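Reader: I would like a close look at one part of this model, the second chain and what it touches. Please take its domains, its confidence and its contacts in turn.

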Amino acid sequence: MNEWTPIWANLILILAVVFAFSAMLSWIERRLLGLWQDRYGPNRVGPFGVLQIVADSIKLLAKEDWIPPFADRAVFVLAPAIVAVTTLLAFSVVPIAPGIGVVDLNIGLLFFLAMSSLGVYSIVLGGWASNSKYSLLGGLRAAAQMLSYEVFMGLALMGVVMLAGSFNLRDIVAAQENLWFCVPQILGLATFAVAGIAEARRLPFDLPESENELVAGFHTEYSSMKFGLFFIGEYVGITLISAMIVTLFFGGWLGPLLPPLVWFLLKTFIVVACFVLLRAALPRPRYDQLMAYGWKVMLPVTLVNLLITGAVVLSMA
Amino acid sequence: MEATFYLSGAVAVAATLMVVTRASAVHALLYLIVSLLAVAIIFFVLGAPFVAALEVIIYAGAVMVLFVFVIMMLNLGKAAAVKEREWLSPGMWVGPSILSALLLAELIYILVPNVQDVQGAYGGAALSGGVGVDSKEVGIALFGPYLLGVELASLLLLAGLVGACHLGWHTELRSGSHPASRPDGVRS
């Protein structure tokens, strides 16, 4: 049982790195968006503006933490905590490198799906508890969107499970020793990436928030650090989805020359940068287009992928 | 591990009691979600991690979201909570309590003589972190001896699917007069 000795060190370090990276991500995102849109972005606070997040956090903490009198108090306070807890819990099963990771769960992939499906409550309850029209509309959209996209998120991963023969994320990475799953599971990768963006509520799938029509959607009534939790929860969510894409489709920590940890971080950062690029490149669809796309395009594609993968696995066996 | 079992069992019972007694529908649903999560932990402790994960994904993560969705759409205000509280008058408790007590007595009557057996056969080994049923075994069992049950369930789901399709079908859509079928999507 000597594997368990470094678990606390592992846990605290991973928590700190995930939080720090997610916080820095808001600055990275604004700088990258600036680069692609031919402007500077935040570059005033500290060298290249890296300390922008420090300034933002101080501002958020100093703001008045206001709970509207018409809100459902208990649920209003609970909602932002749920998203932070579920996304951070999901991180516990991500295999970062050999020997680095919090738990090695046999049902790791299912645990990730379970946590991401519980994350919906945060948005839905936040929208409901605010007791305002814009928030409720945002919450309703979130419920319908995330439920629809979760259906094929799980199905998209079943191809990977068939090829690896396990729900254990470490086994899945080990199964990619010879060939990364992004090649045989290209359809699975495409559908999972789309579902992942929808789960993280990122543009072009940020209809629960859509500031042009719903003020700020589900978190309209939130201020101070409660808003901060939603904010950081979204960035932790992006980091989580990127880490999962790397683990499931791009061989996790596998790679030549460089140490495993560096490979994992490098790949994750590239996927995160792709998410930011998507935000810079794509407009937001209409709500019915979003739902129709999920049910009429993505779901059939994942089913076809499952059919092909199943046939190939059977014929190989 | 045994402490986890009893603790989550207590949480499940307490949360379920709260479900019945809450006046606000959304609060009741939240307690129901807690209860389902507690049951998932019980499954996990008993050595069925696959069922535990499915309990969270399907019941807590999907079915209950739909419930919350519908309750949110109904937009029940303070008036509904007041009415609900009136329904929870002491007189209302008599009938259901007697029936539940009978069921509880039956359950205890069945369980008590078998407690030792269960402990020996499964409980002991699983609780001490020994054998568990992994997802592969569940799959083999489902598509082996229980194949008929799986097929019946899929038939039921198919019927539900056809029903939903029928309810959601726009008859006007076929003739092309429905606003949603116009290429520009503008509703006149």
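Author: In this predicted model, chain B is assigned two domains, domain 1 covering 2-142 and domain 2 covering 143-181. Where these two meet, domain 1 of chain B supplies four residues and domain 2 of chain B supplies five residues. On the domain 1 side of that contact, three residues are nonpolar, one is polar and none is charged.

Confidence comes next. The mean pLDDT of chain B is 76, and 78% of its residues score at least 70. Among the elements of chain B, the highest mean, 91, belongs to helix H8 (residues 147-167), and the lowest, 49, to helix H6 (residues 115-127). Over residues 120-129 of chain B, pLDDT stays under 50. The model has 14 contacts beyond four places in sequence for that stretch. Where pLDDT is low, predicted coordinates should not be read in detail. For the complex, the predictor reports an ipTM of 0.77 and a pTM of 0.80.

The contact between the chains involves 16 residues of chain B and 17 residues of chain A. On the chain B side, helix H3 (residues 49-74) of chain B gives the most, with 13 residues. Sorted by class, the chain B side holds 13 nonpolar, two polar and one charged residues.

In soluble globular proteins, nonpolar side chains tend to be buried together.

Is A:Ile238 buried or exposed? A:Ile238 counts as buried because 24 other C-beta atoms lie within 10 Å, and the cut-off for buried is 20 or more. Setting aside residues up to four places away in sequence, A:Ile238 touches A:Leu25, A:Ala200, A:Arg202, A:Val272 and A:Phe275. Between the C-alpha atoms of A:Ile238 and A:Ile58, which are 180 residues apart along the chain, the separation is 23 Å.

How values were computed: Residues are numbered from 1 along each chain as its sequence is written. Chains are lettered from A and ligands numbered from 1 in the order in which they are written. This is a predicted model: local features need pLDDT of at least 70, side-chain atom pairs count only at pLDDT 80 or more; totals for chains, interfaces and linings use all residues. Domain bounds come from an automatic or database domain assignment. Two residues are in contact if their C-beta atoms, placed from the backbone, lie within 7 Å. Ala, Val, Leu, Ile, Met, Phe, Trp, Tyr, Cys and Pro count as nonpolar, Asp, Glu, Lys and Arg as charged, and the others, Gly among them, as polar. pLDDT is the predictor's confidence in each residue, from 0 to 100. Helices (H or I, at least four residues) and strands (E, at least two) are DSSP runs, numbered from the N terminus. A residue is buried if 20 or more other C-beta atoms lie within 10 Å of its own, exposed if 12 or fewer, and partly exposed in between; C-beta atoms are placed from the backbone.
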